[in-house]
Amino acid sequence: MSTAGLEGVVATQSGISSIIDGVLTYRGINIDELAMYASFEEVLYLLWNDELPTVEELNNLKKDLAVQGVLPPEIIVLMKSFPRDTHPMAILRTVVSALEMYDPDAYDMSPEANLRKALNIQAKISTVVAAIQRVKEGKEILSPKSEFTFAENFLYMLTGEVPDEIASKSIDTALILHADHELNASTFASRVTVGTLANMYAGIVSAIGTLSGPLHGGANEAVMEMLEEIGEVENVESHLSEAFRSKKKIMGFGHRVYKTGDPRAKFLKSMSKSLTTLKGKKKMYEISVKIDEMITREKGLLPNVDFYSASTYDSLGIARDLFTPIFAVSRTSGWTAHILEQYSNNRLIRPRAEYVGSQLRSYVPIEDR
Ligand SMILES: CC(=O)SCCNC(=O)CCNC(=O)[C@H](O)C(C)(C)COP(=O)(O)OP(=O)(O)OC[C@H]1O[C@@H](n2cnc3c(N)ncnc32)[C@H](O)[C@@H]1OP(=O)(O)O
Ligand SMILES: O=C([O-])CC(=O)C(=O)O
């Protein structure tokens, strides 16, 4: 029996998100409704608590996120010490690991402390991602403001300016769309890690490392690289023909679970269209659509969440190497929800391997080899 990639294997039970007949839900609510009507903070509360928040609960969450979003000064010193060309995902992985050392709750495994840790990590990860760019640009690191939403704060901490409504709404929707996705590779990694009763920081560090690869979250950066390499709509055909000839995978297409399309992609395509038009970057959308048409026609593959998010983020002026870290900011909501769920009913995750190595043989002393 081939178990390559654990395709089709049901490895756990979860009440957080579901993908059934191509429909994605968070805690039973269709992602389409959440993307259209909810805020990221509401989704965060929903993922953690299995209920939408009341006005008071939502306001408290917003306040807590702003308060907890301030980085310890030691972390800022650490971030300034890294080589300038370090990839932001490596910085993020390292900084989240270091944050454990400044969290008084780090080794308290009570449910209350774990929920506090989830909030602490969620709040700080946005500040860290914005700070990665600020450090690179030699700018002062900013902290969140209590009057801003989570999405507004991210843009404010990144640019130093009060963000406009369109940019904030776009980031908010992107955060909602990327928040959780059943047992994707990074979420699975986080559950395996905390299944040993390692703490939440260890679980999130595993997840960040797993998200970074181009077959998973790293695909959004790779899509942008491809769009930039193609450069003009008229180059799409020759670029893709060459990729097909050399059997290169086209980033942002295909999916292990969705075979009739990723329900998140339509929102990102629509955001990409309006934002690229608004920001004078329509060409990136046109190149994307041409790629989409050709891949669908020639390979029968459809765009996943990573494809149109690239041109969406690019039109907002976000650096290409921050695309996957932004995915991590959003997915931290799902990772932490899954970690809390794993702790609530834990059993060590330890599958078996089918042995296909050498037959049983004797040890040969070194002088006889
Ligand atoms: C947030 C996310 O993680 S979404 C996914 C992000 N990743 C990407 O966009 C990377 C590109 N896509 C891929 O590599 C894959 O489609 C994955 C990793 C998403 C899913 O992988 P799997 O379920 O293992 O499918 P697998 O890679 O076996 O592909 C099945 C077939 O479709 C082909 N295929 C799948 N995706 C692509 C692609 N993007 N470009 C070209 N061919 C592809 C494979 O070459 C394979 O063909 P074969 O049977 O002739 O060998
Ligand atoms: O579910 C997956 O395999 C990948 C994915 O789309 C995600 O993590 O959002």
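Modeller: Let's begin with where the domain bounds come from: an automatic or database domain assignment. For this protein, that assignment gives domain 1 (15–213 + 321–344) and domain 2 (219–315). Bear in mind that this is a predicted model, where local features need pLDDT of at least 70 and side-chain atom pairs count only at pLDDT 80 or more, while totals for chains, interfaces and linings use all residues. Residues are numbered from 1 along each chain as its sequence is written, and chains are lettered from A and ligands numbered from 1 in the order in which they are written.

Taken over C-alpha atoms, the centres of domain 1 and domain 2 are 26 Å apart. Where they touch, 18 residues of domain 1 are in contact with 19 residues of domain 2 (contact means C-beta atoms, placed from the backbone, within 7 Å). On the domain 1 side, the elements giving two or more residues are strand E2 (23–26), helix H1 (31–37), helix H8 (165–177) and helix H16 (323–344). Those names are DSSP runs numbered from the N terminus, with helices (H or I) of at least four residues and strands (E) of at least two. H8 gives the most to this side, with five residues. By class, the domain 1 side has 11 nonpolar, five polar and two charged residues. Here Ala, Val, Leu, Ile, Met, Phe, Trp, Tyr, Cys and Pro count as nonpolar, Asp, Glu, Lys and Arg as charged, and the others, Gly among them, as polar.

Three strands form an open sheet in the order E1-E2-E3, with antiparallel pairing (two strands pair if DSSP finds at least two bridges between them). E1 (17–20) and E3 (29–30) are at the edges with a single partner strand each, so one side of each has no neighbour in the sheet. Four bridges join E1 to E2. Ile 19 stands opposite Leu 24 in E2, and Ser 17 has Tyr 26 of E2 as its bridge partner. The hairpin of E1 and E2 has two residues between the strands, and Asp 21 takes a positive phi near 50° there.

Now the ligands. Around ligand 1 there are 18 residues, the closest being Ala 219, Lys 249, Phe 253, Gly 254 and Arg 256; a residue is near a molecule if its C-beta atom, placed from the backbone, lies within 6 Å of it. That shell has seven nonpolar, seven polar and four charged residues. Ligand 2 is surrounded by His 181, Asn 184, Arg 256, Val 257, Asn 304 and Val 305. These divide into two nonpolar, three polar and one charged.

Conventions: Contact = placed C-beta atoms within 7 Å.
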